[in-house]
Amino acid sequence: MEENFLIGTYTKKDSKGIYAVTLDDDAGKLSNVRLAIPSQKPAYLQVGSNDRVYAIKQIDDQGGVASYSLKDDNAKMLSKILAAGAPPAYVGLDRERHLLYSANYHTAKVDVFRINEDGTLTQTDSVTHQGATGPRPEQEAPHVHFADLTPDKRLVVCDLGMDLIVVYDVSADGKLTAVSRYKCEDGFGTRHIAFHPNGKYAYVLGELSSKLEVLKYNANDASFTHVQTIKTIPDDWTAHNGAAAIRFSSDGKFIYTSNRGENTIAVFAVQPDFTVKHIQSISTEGDFPRDFNLSKDESYLLASNQNSDNLTLYKRDANTGKLELLQKDVACPEPVCVMKWK
């Protein structure tokens with residue numbers, strides 16, 4: 001059986017847009033890396049229904065989001081919404097309300113777009129983060145890095161510059177109303193968040209601190225309570241590292257994070273009290289692993305190495321959660337986002 005992933009990229013060097021790669025589940029091998037959607041700087045994307053893909057887009061000195069139809073590797077742009085300045089860092093997809101969210105690191109804005117029936121986009125709201133920022137040099141201003149759904153269909157936003165998590169209620173017509181704020185430790189660098197399948201616990205990744213924070217989530221008022229903080233790298237690691245992506249196994253037993261610098265995937269086992277225990281760190285066989293993803297049946301994990309232009313494939317043990325290297329040096333230009341496609 002075969003399945004396909006889409007790879008979002010930067011386009012600073014040789015990349016031409018969003019690429020596709022095929023995984024042979026029986027052989028445990030990646031092949032056929034090909035250009036799927038020509039575009040400038042599609043660094044993050046989401047795969048929707050009806051052969052739709054939503055991605056970050058840049059044209060010259062304007063940045064924003066775009067929607068595409070992608071059927072059998074035939075791509076057609078349906079819509080784009082751009083504004084002066086740098087493009088966002090993240091896009092989140094709300095299937096039930098037919099909304100798209102973008103998080104802009106550079107402008108500190110969260111933008112909301114309605115997805116129309118024909119796949120075109122219409123902006124419905126925009127919120128700009130303002131306020132006190134953290135102590136690190138990278139925290140000179142608010143930096144929104146993530147905007148996606150909580151288990152109870154609110155919007156949760158991570159602000160790296162402010163060490164902050166903000167939760168918003170979302171109206172049916174795509175308007176945001178802030179309902180809670182949680183402050184991580186100073187210099188944490190709040191980047192991405194993942195929720196346990198039970199909806200009661202959240203796991204927050206700090207880019208600047210290379211730490212994972214475990215929080216209890218109260219759906220009644222969208223508040224968070226601190227449970228645990230643990231490093232994603234060894235205590236004696238002194239070189240630069242930036243934690244990047246975080247993903248859960250669907251059974252809620254294991255968490256995976258990527259480390260750019262140590263260049264590893266760190267594996268954590270979720271304990272009965274929902275704290276985590278570090279059980280493995282494995283090399284990504286490349287430089288700067290910004291993202292990774294599990295295969296559909298979660299038997300494999302595919303990692304992307306931005307600076308070394310390669311993909312890496314691992315076999316995953318569902319019982320232990322641990323990874324075993326299968327394939328490295330799969331050429332793909334500037335890969336920074338990995339999404340399951342078909």
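I looked up strand E26 (residues 310-316) and found it joined to E27 by 6 bridges, the two running antiparallel; strands here are DSSP runs of E with at least two residues, numbered from the N terminus, and two strands pair if DSSP finds at least two bridges between them. Along this pairing I noted that Leu-311 stands opposite Val-330 in E27.

I then traced the sheet around it, which is open, has 4 strands in the order E24-E25-E26-E27, and shows antiparallel pairing. Its edges are strand E24 (289-294) and strand E27 (323-331), each of which pairs on one side only. From one strand to the next I recorded an average twist of 20°, with axes as lines fitted to C-alpha atoms and angles running from 0 to 180 degrees between N-to-C directions.

Before going on I noted that this is a predicted model, in which local features need pLDDT of at least 70 and side-chain atom pairs count only at pLDDT 80 or more, while totals for chains, interfaces and linings use all residues. Residues are numbered from 1 along each chain as its sequence is written, and side-chain values use heavy atoms, with hydrogens and water left out.
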